Amino acid sequence: MRKGITFSSKGLHCSGWLYVPDDLKSGQKAPAIVMANGLTGVKEFFTQTPERFVGAGFVTLVFDYRFFGDSEGEPRSQVFPLEMAEDCRNAITWVSQLPEVDPERIGIWGTSYGGALVIWVGSFDRRVKAVVAQVPAIMNPSLRRAMNPERWDHLGELLLRDRIERYKTGVVNYMKLVAREGEPCYLPGKEAYDGYMALAENASNWRNQITLESLEKMREFDAASSIELISPTALLLVVAEKESLGTPIDANRATYEKARPPKDMIVLPVGHFEMYREPWVSKAVGAAIDWFKQHL
């Protein structure tokens with residue numbers, strides 16, 4: 001059902017897993033789903049989700065972005081949103097050329113930061129016919145600063161110092177992504193730490209770090225400013241009512257209102273990381289499967 005693959009993206013190899021339905025007949029072409037992981041995530045984070053997609057009849061590709069997991073690229077742990085979107089689009093190109101895939105029936109699924117990326121890709125890549133964005137991190141820079149101006153400005157000063165040092169010496173500075181209480185990191189708090197530690201239990205190649213240059217690129221990225229361009233691609237948002245890590249529910253609703261049909265939004269009464277635990281993972285993936293079946 002699953003085999004290891006690689007595809008090229010900007011001259012580097014991305015490592016992935018390809019899932020093909022067991023009952024696919026010779027010469028038959030199936031719809032395909034490309035999966036986009038969250039912030040610093042690797043393909044080992046969500047093994048159950050691609051298994052459910054392929055069980056529903058979809059050829060499914062999950063992969064590591066460049067600079068992460070088993071994929072090539074230095075420095076490691078570099079989160080450049082537009083480069084990650086490029087990896088996603090190259091994954092679409094690669095999977096579309098497989099003999100068992102119908103290139104006119106391509107869907108993309110992303111969670112957390114990957115949810116933001118698939119919204120951006122779906123807004124500009126007409127090959128995509130259906131998008132599912134789960135707990136997407138889709139706040140624009142103005143909204144991010146408004147939530148905590150002091151932290152935004154303090155981080156901005158740190159990033160400027162890093163930019164100058166990087167220019168002078170070429171050094172690559174890192175920050176922990178999550179940490180125990182009292183330790184500096186990008187995503188502070190017990191919820192984030194416990195959530196990532198749970199996801200990393202079966203992902204020995206995941207690194208708890210992110211480059212400071214990444215934080216500069218991330219704060220400038222606006223995934224949903226052109227969301228109205230997604231139509232006629234079908235958009236499903238699966239969001240957490242008690243979101244405290246990513247995009248607040250009100251911001252999700254405002255983004256949803258900007259999008260044009262076909263669209264739908266499902267709100268589950270959970271927090272960010274509860275979306276990855278039962279029974280909610282089954283509800284979220286089930287909704288995604290229904291959406292893909294309807295629109296692919």
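The paragraphs below go from the whole chain to single residues.

This is a predicted model, in which local features need pLDDT of at least 70, side-chain atom pairs count only at pLDDT 80 or more, and totals for chains, interfaces and linings use all residues. Residues are numbered from 1 along each chain as its sequence is written, and side-chain values use heavy atoms, with hydrogens and water left out.

The protein holds nine helices and 10 strands. Helices (H or I, at least four residues) and strands (E, at least two) are DSSP runs, numbered from the N terminus. The C-alpha trace spans about 55 × 40 × 35 Å along its principal axes. A compact globule of 296 residues would have a radius of gyration near 19 Å; the protein has 18 Å, which agrees. That radius is taken over C-alpha atoms, and the globule rule is 2.2 Å times the number of residues to the power 0.38. Of the 296 residues, 56% are buried. Buried means under 20% relative accessible area, exposed over 50%, and partly exposed in between (1.4 Å probe, protein chains only). Among contacts with a separation of 6 or more, 74% join residues 24 or more positions apart. A contact is a pair of heavy atoms within 4.5 Å.

Now the sheet. Eight strands form an open sheet in the order E1-E2-E4-E3-E5-E6-E9-E10, with mixed pairing. Strands E1 (2-9) and E10 (263-268) stand at the edges; each has a single partner strand, so one side of each lacks a neighbour in the sheet. Neighbouring strands are turned by 20° against each other on average, direction ignored. Axes are lines fitted to C-alpha atoms, for helices over the stretch in contact, and angles run from 0 to 180 degrees between N-to-C directions. Two strands pair if DSSP finds at least two bridges between them.

Look at E4 next. Strand E2 (residues 12-19) pairs with E4 (residues 59-63) in the antiparallel sense over four bridges. There, Gly16 has Phe63 as its bridge partner. E3 pairs with E4 in the parallel sense, over four bridges. Ala32 stands opposite Val59 of E4. From E3 the chain crosses through helix H1 (residues 48-55) to E4, and this β-α-β crossover is right-handed. Right-handed means that, with the strands pointing away from the viewer, the path from the first strand over the helix to the second runs clockwise.

How enclosed is E4, and what covers its faces? Five of its five residues are buried, so E4 is largely enclosed by the rest of the structure. Helix H9 (residues 280-295) lies across E3 (30-36), E5 (101-111), E6 (128-134), E9 (234-240) and E10, running at about 165° to E6. In helix H7 (residues 212-220), seven of the nine residues are buried, so H7 is largely enclosed by the rest of the structure. Leu212, Leu215 and Met218 are among them. The buried residues of H7 pack against elements including H2, helix H3 (113-124) and helix H5 (149-169).

Finally, Ser96 belongs to helix H2 (residues 81-96). Ser96 counts as buried, at 15% relative accessibility. Leaving out residues up to four places away in sequence, Ser96 touches Val101, Pro103 and Ile106.
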